[in-house]
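Biologist: Hi, I have a new model open and would like to go through it with you. Shall we start?

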Protein chains: 2
Amino acid sequence: MKPELILVIEDDAAILFGLRDNLQRAGYEVRSAGDGHQGLELARTLRPHLVLLDLMLPGLSGHEVCRRIRVDGLEMPVVMLTALGEEAQVVRGLNLGADDYVTKPFGIGELMARIAALLRRHRRVIPDVVHIGSLEVDRGARRVSRKGAEIELTPKEYGLLEFFTRKSGRALTREQILDAVWGDSAAVTDRSVDRAVTTLRSKIEENPNRPSLIQTVPQVGYRFEG
Amino acid sequence: MKPELILVIEDDAAILFGLRDNLQRAGYEVRSAGDGHQGLELARTLRPHLVLLDLMLPGLSGHEVCRRIRVDGLEMPVVMLTALGEEAQVVRGLNLGADDYVTKPFGIGELMARIAALLRRHRRVIPDVVHIGSLEVDRGARRVSRKGAEIELTPKEYGLLEFFTRKSGRALTREQILDAVWGDSAAVTDRSVDRAVTTLRSKIEENPNRPSLIQTVPQVGYRFEG
DNA sequence: TTTGAGCGTCATCAGGTGGTAACAACGGAG
DNA sequence: CTCCGTTGTTACCACCTGATGACGCTCAAA
C-alpha cells in the first residue's frame, strides 16, 4: 500500500523535527511548511491525506489556513496544534472545519493515535462533482454549469455556493456563513450575506423570484436544498 | 440550542457530579450510570447521542462496554475518560471503536469542545430528526413535515415547536415558554403564548379542536406529548 | 492613469409576522 | 344557575425582515 501523506505546517523547527521523525517512523510520508502561505500552497498542490496545523504561524494564521483549505473544497482531516490556554481558539477552529486538535505539549503516542483514528475514519470518498437538480458543481475544476452551459461565478459567489453544497439540507445562520466564506479578515455586516445570496440566486436559480435551490429561513439565514 | 442526550458512565461520584453540572449548563440532557453493566444497559435502551465512558469501572470495564456498544450496532460517538499513564489503554480503546478520549484531570472546556465537535461531526451522518406520531421535525434543516408534506411554520411557531420537542412530556408554565422562546428581550404578555399555541395547533394538529400533541394544563400552561 | 469587475453598504419597498385587543367559549365555585 | 377567571379565536395593523437597485470604494490590469 502507498504510504499516506501528511503535511505538517509548523514554524518551530524543533517541534517540526520531532513530528517528522515520529511520523516517518510510523510509516507516513511527510512534507512540511514553515509558514501559513507556504502551507496552504502545499495543501492545494500535494493534496495530502491529513494536515497537522499549528495555530500560531507567521504569515497566515492557522485559522485562516484551515478556512481556506475548506473554501478550496479540500476535504482532508485537519488537526490543529495549539498551545495551552488557547482553548477559545479551538472552538473557532473546529467551526471552521478542523477535525481535531491537540494541545502542546502533547504526548507523541496520543497524537499518533488521533492521526490514525482520523485517517481510518476518513477513508470514505467524497465526490468531486455534485449534481443538484440540473445544476452541476465541479469542485475540482471550480466550475459550475447547467445542462452543459457554464455559469460564470465570481470568487465570492463560488465560495458561497461551494459552502452551501457542503452543508446542503441544513439551515445555516448568517454568522456561520460569514465565518466560513468571508473569514476573520472581513468586518462585514450580515446584510452582505443577503446581497451575495441574491446575486448567486440570480445566476443559478431557474426562477430567481421563486428560488428552489437556496431557501430563506426567516430569522435565521438560508438553507441549500441538496 | 440542541437537546442532545449524553450518557455518562462514571463511578466516581465527585467527577460525575461535575460532569453532569457542566453538561446540563451547556444545554445537554444527561443520564448517568455508576457501573459498566448499568451503563451498557442504558446505552442500549436510551440510545443517547454520545457516551462519556470512564475506563476504570466496577462491573464491566470501559473497554468492554465500548466493545459491546459497537457489537450491538450502536453508532453514537464514545469518548473515553482515562487517568494519566493509561495511554496504552487508549490505543486499545480507539481500536475498539471509541471516537476520542480525554485524560483526567481534564479541562472542562476542552472536554466540552471535543463533545461538541463529535456531535457536530456525527450529525452530518445521522440527521437529528424527531418523530412524534406522523409528525416529523428536522432540527438541522429547521423543517417540519407530515407524511412527506412540508408544513410551513413561521419562525416563532417553529421555535415554540422546537422547544416543545425538547421538553416533551413535561408541563410547562407560560413563563418558562416565554423565557425560552421569546427570550428576555421581549416585553410580552403571556397571552401571546396562548395565541402562538393556537396557531401552532392549527398547523400541526390533525384535529385542532381536540389537540393531541399540545395539551392545555389548566392554570399552568401546556404540555407537549412526545 | 484609466477602466472595469467585484463586492460591501445604503435606501427603499413589499410582504409577512406576531402582538394586542376584543370577544367567545369554557369550566369551576358557590 | 350565575359569576368570574381562564383559555380559544379572530381581526387588525405596527413593525420588522429580506430582496433589490443604486452607489462608491478598492484593486488589478491595460
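Biologist: Which phosphate oxygen contact does a backbone N or O atom of A:Gln219 make, and at what distance?

Modeller: A backbone N or O atom of A:Gln219 lies 3.1 Å from a phosphate oxygen of DNA strand D. A polar contact here is a pair of N or O atoms within 3.5 Å; within protein, one must be able to donate a hydrogen and the other to accept it, and residues adjacent in sequence count only if both atoms are side-chain atoms. Before we go on, this is a predicted model, where local features need pLDDT of at least 70, side-chain atom pairs count only at pLDDT 80 or more, and totals for chains, interfaces and linings use all residues. Residues are numbered from 1 along each chain as its sequence is written, chains are lettered from A and ligands numbered from 1 in the order in which they are written, and side-chain values use heavy atoms, with hydrogens and water left out.

Biologist: Thanks! What does the side chain of A:Thr216 do?

Modeller: One of its N or O atoms is 2.7 Å from a phosphate oxygen of DNA strand D.

Biologist: And which atom of the DNA does B:Arg191 reach?

Modeller: A base nitrogen of DNA strand D, 3.0 Å from an N or O atom in the B:Arg191 side chain.

Biologist: How do the residues near DNA strand D divide by type?

Modeller: Three are nonpolar, seven polar and ten charged. Near means that a heavy atom of the residue lies within 4 Å of the strand. Among the DNA atoms within 4 Å of the protein, 56% belong to sugar or phosphate, and the rest to bases.

Biologist: Changing topic: which residues touch the most other members of the largest nonpolar core?

Modeller: A:Phe164, A:Ile177 and A:Ile214, in a core of 27 residues. Such a core is a set of buried Ala, Val, Leu, Ile, Met, Phe, Trp, Tyr and Cys residues joined through side-chain atoms within 4.5 Å, buried being under 20% relative accessible area (1.4 Å probe, protein chains only). A second, separate core of 26 residues includes B:Ile132 and B:Leu153.

Biologist: How do strand 6 and strand 7 of chain B run?

Modeller: Antiparallel, joined by four bridges. Strands are DSSP runs of E, at least two residues, numbered from the N terminus, and two of them pair if DSSP finds at least two bridges between them. B:His131 has B:Glu136 as its bridge partner. Their hairpin has two residues between the strands, and B:Gly133 takes a positive phi near 60° there.

Conventions:
Nonpolar A, V, L, I, M, F, W, Y, C, P; charged D, E, K, R; others polar. Buried < 20%, exposed > 50% of the residue type's maximum accessible area, 1.4 Å probe, protein only.
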